[in-house]
Amino acid sequence: MKTKSFWTCSGCGNRQTRWTGQCSLCQEWNCMEEETEVLQVKTPRPLLPNATSSKPVRLHEIRENKSDRFATGLQEVDRALGSGIVPGSLTLIGGDPGIGKSTLALQIAQAMSKKGPVLYICGEESLEQVALRARRLNVSSQEILFCGETEYSKIANLMTEIQPILTIIDSIQVIYRGDIPSSPGSVTQVRECASSLMQTAKNLNAATLLVGHVTKSGDIAGPRILEHLVDTVLYFEGDRHLNLRLLRVMKNRFGPTDEIAVFQMGENGLEQVLNPSQLFLETRSIGSAGSVIIPTIEGSRPLLIEAQALVTDTFFATPSRRSAGIDANRLALLLAVSEKRCQMRLGQCDVFASVTGGIKITEPAADLGILIAITSSFTNKPLDPKTIVVGEVGLGGEVRAVRRMEARLKEAHHLGFSRAIIPKQNYSALKKKNELGLELIPVQWVDEALSEVQ
Ligand code: TYD
Ligand code: MG
């Protein structure tokens, strides 16, 4: 048997014939892994003269199967996925070790087992460990079949035999194909096992859930190709010290992306949080300087969160700027705008900014709120506790419009807020201003908004 070896990047899947310290494609360091491939004698495929090729069709001739989805039974997961799991689909769930991936998978198994058999491949832990966890979670369904098998062809046989409606692979990194020489968890094995599983699942029209590990930099281990291959990519994240967990939809071929589902890790596993805004505001320090409530939009859902800032005199030559849950570059930009456009002298101050609850905000609509929090801490003057702030800040100091203003304002009203500082453009576009139940303060420039706390 003739073999050929080459080097594959564990980050992006780039292949090259020689080892290098850095991947020539994604520029990552120390990520090249050696792989061996068995060379097969290639015979040219015979061309069949009468072979039928698939016939192109018009759009209206393609049938849609909307009713085919399986609701997982966990309301939050279903909403995030767009009303359940699609049969024959492949879903990847990634996250740090110990964040609760196996717990979530087991809870989904329990909920789905009401509709048919579920096959749970636990290659990572022993059956005893899984049983211990299942007992803690009160999982008692007779329809979940556990198996410690990790060789792909045996798993495929089990799937054909049992015909499960859902197969859970915990985790894809321990599954291997016996006919491929590289070790489990290597780029080739992960890629080949995932694509073989996909074929099997599609043939049986059964849904598959793959659990995947993440690397230090936070990507799902194994090549990026895994993310391209699967239909849905979910990330399970959260602050391990807090009990809050977020399931984020990064890719979804059957529904909306950027959705989130919120959970709380408790004694008996994950509990769904149906009203996350309330949870985020529970620990709020009312009346203290440097705290601002921002209505953000996560996926399709408005979410009220608290941004906090602390500005203190620095004792070093270079002031420090730290942030948690807020992009450091965005913070630097906001500080520059406040220096230049609002004459705030922060050059001699340390600035710390964070979002409570361990959540990350990525949308620029939070800009104005963060800037007011910083100013409020600088002037030591608290913002009115019943006021929310939303708006994107431009480099010229202008406040820009944000999307879905009405949904944000409704959520704020629902949670008892009475005033809202919003971009002027949004104010002009709002239709039923009086019916929102909030006093609206339109602002065009940053300094108009900052005068609230100066
Ligand atoms: P686990 O699902 O094993 O994580 P992963 O598969 O992502 O590695 O979750 C492990 C953590 O969850 C562990 O630190 C204990 C905690 N946990 C609870 O707090 N309550 C529970 O009911 C369970 C099952 C786990
Ligand atoms: Mg696990």
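Close-up 1. How far does a backbone N or O atom of G98 lie from an oxygen atom of ligand 1? In this predicted model, the distance is 2.7 Å. Taken on its own, ligand 1 has 560 Å² of accessible area, and the protein covers 74% of that.

**Close-up 2. The shell around ligand 1.** Here we step back to look at the surroundings of the ligand. There are 16 residues around ligand 1, and the ones that come nearest are G98, S102, T103, R133 and G269. Which elements each supply at least two residues of this shell? They are helix 2 (101-112), helix 3 (127-136) and strand 11 (260-266). Helix 2 gives the largest share, with 3 residues. Sorted by class, the shell has 7 polar, 5 charged and 4 nonpolar residues.

**Close-up 3. Helix 4 alongside helix 5.** Helix 4 spans residues 152-162 and helix 5 spans residues 187-204; their axes come within 11 Å and cross at roughly 10°. Angles under 35 degrees count as roughly parallel, so helix 4 is roughly parallel to helix 5. On the helix 4 side, the contact is made by Y152, I155, A156, M159 and T160. Helix 5 answers with S196, L197, T200, A201 and L204. What classes of residue make up this contact? Count 7 nonpolar and 3 polar residues, with no charged ones.

**Close-up 4. A cis peptide bond at D170 and S171.** Have a look at the link between D170 and S171: the peptide bond is cis, with omega at about 5°. Where does S171 lie? It's in the loop between strand 7 (166-170) and helix 5.

**Close-up 5. Positive phi at Q27.** Q27 isn't a glycine, yet its phi is positive, near 65°. You'll find Q27 in the loop that runs between strand 2 (15-16) and strand 3 (32-38).

Note on methods
Residues are numbered from 1 along each chain as its sequence is written. Chains are lettered from A and ligands numbered from 1 in the order in which they are written. This is a predicted model: local features need pLDDT of at least 70, side-chain atom pairs count only at pLDDT 80 or more; totals for chains, interfaces and linings use all residues. Side-chain values use heavy atoms; hydrogens and water are left out. A residue is near a molecule or strand if one of its heavy atoms lies within 4 Å of it. A polar contact is a pair of N or O atoms within 3.5 Å; within protein, one must be able to donate a hydrogen and the other to accept it, and residues adjacent in sequence count only if both atoms are side-chain atoms. Accessible areas come from the Shrake-Rupley method with a 1.4 Å probe; for residues, only the protein chains shown count as cover. Helices (H or I, at least four residues) and strands (E, at least two) are DSSP runs, numbered from the N terminus. Ala, Val, Leu, Ile, Met, Phe, Trp, Tyr, Cys and Pro count as nonpolar, Asp, Glu, Lys and Arg as charged, and the others, Gly among them, as polar. Axes are lines fitted to C-alpha atoms, for helices over the stretch in contact, and angles run from 0 to 180 degrees between N-to-C directions. Angles under 35 degrees count as roughly parallel, over 145 as roughly antiparallel, 65 to 115 as roughly perpendicular and the rest as oblique. Contact means heavy atoms within 4.5 Å.
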